[in-house]
Amino acid sequence: MASDRQPEGPVAVKQILEILERTYPDARCALDFSSPFQLLIAVMLSAQTTDRMVNLITPALFSRYPEPADFAVLATEDLAEAIKRVGLFRSKARNIINTCRLLVEEHGGE
């Protein structure tokens, strides 16, 4: 009698990723980024707004603040002003700054 159990753990993840790759071979992220850090910030900004809007503000943002340490020292009001075109900009500013502080303090900025 065949088991009805589905694969679990890494096997299941591998199977799911293979199915997604076959189903969506040309899938790509709509956010513009050039590093994992930039992707992290862009994703945080993307909640409750469009990727298009995020892509409009991130070039200037990353030019002005290229590293986690640059964000970590900002006042919430300063970052909120820079991202005010996205929804929930005050809470996003606070969360981005706190995330960057953790990156700097606990992970050497990586």
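This is a predicted model: local features need pLDDT of at least 70, side-chain atom pairs count only at pLDDT 80 or more; totals for chains, interfaces and linings use all residues.

Trainee: How many helices and how many strands does the protein chain have?

Mentor: From the N terminus on, the elements run α-α-α-α-α-α. The secondary structure therefore comes to six helices and zero strands.

Trainee: What is the radius of gyration of the protein chain, against that of a compact globule of 110 residues?

Mentor: Along the principal axes, the C-alpha atoms fill a box of roughly 65 × 30 × 25 Å. Of the 110 residues, 28% count as buried. A compact globule of 110 residues would have a radius of gyration near 13 Å, but the protein chain has 18 Å.

Trainee: Is the pair of Phe37 and Phe71 edge-to-face or stacked?

Mentor: The search of the whole structure finds two aromatic pairs. In the pair of Phe37 and Phe71, the ring centres are 5.7 Å apart and the planes stand at 65 degrees. Planes over 60 degrees apart count as edge-to-face, so the pair of Phe37 and Phe71 is edge-to-face.

Trainee: Which helices does the pair of Phe37 and Phe71 tie together?

Mentor: Phe37 and Phe71 are both buried. The parts that the pair ties together are 34 residues apart in sequence, because Phe37 lies in helix 2 (residues 36-46) and Phe71 in helix 4 (residues 68-72).

Trainee: What kind of pair do Tyr65 and Phe71 make?

Mentor: Tyr65 is buried at 9% relative accessibility, and Phe71 is buried at 0%. Phe37, Tyr65 and Phe71 form one aromatic cluster. The ring centres of Tyr65 and Phe71 are 5.5 Å apart with planes at 50 degrees, so the pair is tilted.

Trainee: Which elements give two or more residues to the largest nonpolar core?

Mentor: This core has 23 residues, and those that touch the most other members are Ile41, Leu45, Leu61, Phe71, Leu79 and Ile83. Two or more residues come from each of helix 2, helix 3 (51-64), helix 4, helix 5 and helix 6 (89-107).

Trainee: Which residues is Leu79 in contact with, leaving aside its neighbours within four places in sequence?

Mentor: Leu79 is among the core residues that touch the most other members. Contact here needs heavy atoms within 4.5 Å. With the sequence neighbours left aside, the contacts of Leu79 are Leu61, Phe71, Leu74, Ala93, Ile96 and Ile97.

Trainee: Is Pro10 buried or exposed?

Mentor: Pro10 is placed in helix 1 (residues 9-23). Its C-alpha atom is separated by 35 Å from that of Phe71, 61 residues apart along the chain. Exposed means over 50% relative accessible area, so Pro10, at 70%, counts as exposed.

Trainee: Which residues does Thr76 contact, apart from its neighbours within four places in sequence?

Mentor: Thr76 belongs to helix 5 (residues 76-82). With a relative accessible area of 27%, Thr76 is partly exposed. Beyond its sequence neighbours, Thr76 is in contact with Arg90, Ala93, Arg94 and Ile97.

Definitions and conventions. Residues are numbered from 1 along each chain as its sequence is written. Side-chain values use heavy atoms; hydrogens and water are left out. Helices (H or I, at least four residues) and strands (E, at least two) are DSSP runs, numbered from the N terminus. Buried means under 20% relative accessible area, exposed over 50%, partly exposed in between (1.4 Å probe, protein chains only). Rings of Phe, Tyr and Trp (its six-membered ring) pair if their centres lie within 6.5 Å; planes under 30 degrees apart count as stacked, over 60 as edge-to-face and the rest as tilted. A nonpolar core is a set of buried Ala, Val, Leu, Ile, Met, Phe, Trp, Tyr and Cys residues joined through side-chain atoms within 4.5 Å. The radius of gyration is taken over C-alpha atoms; the globule rule is 2.2 Å times the number of residues to the power 0.38.
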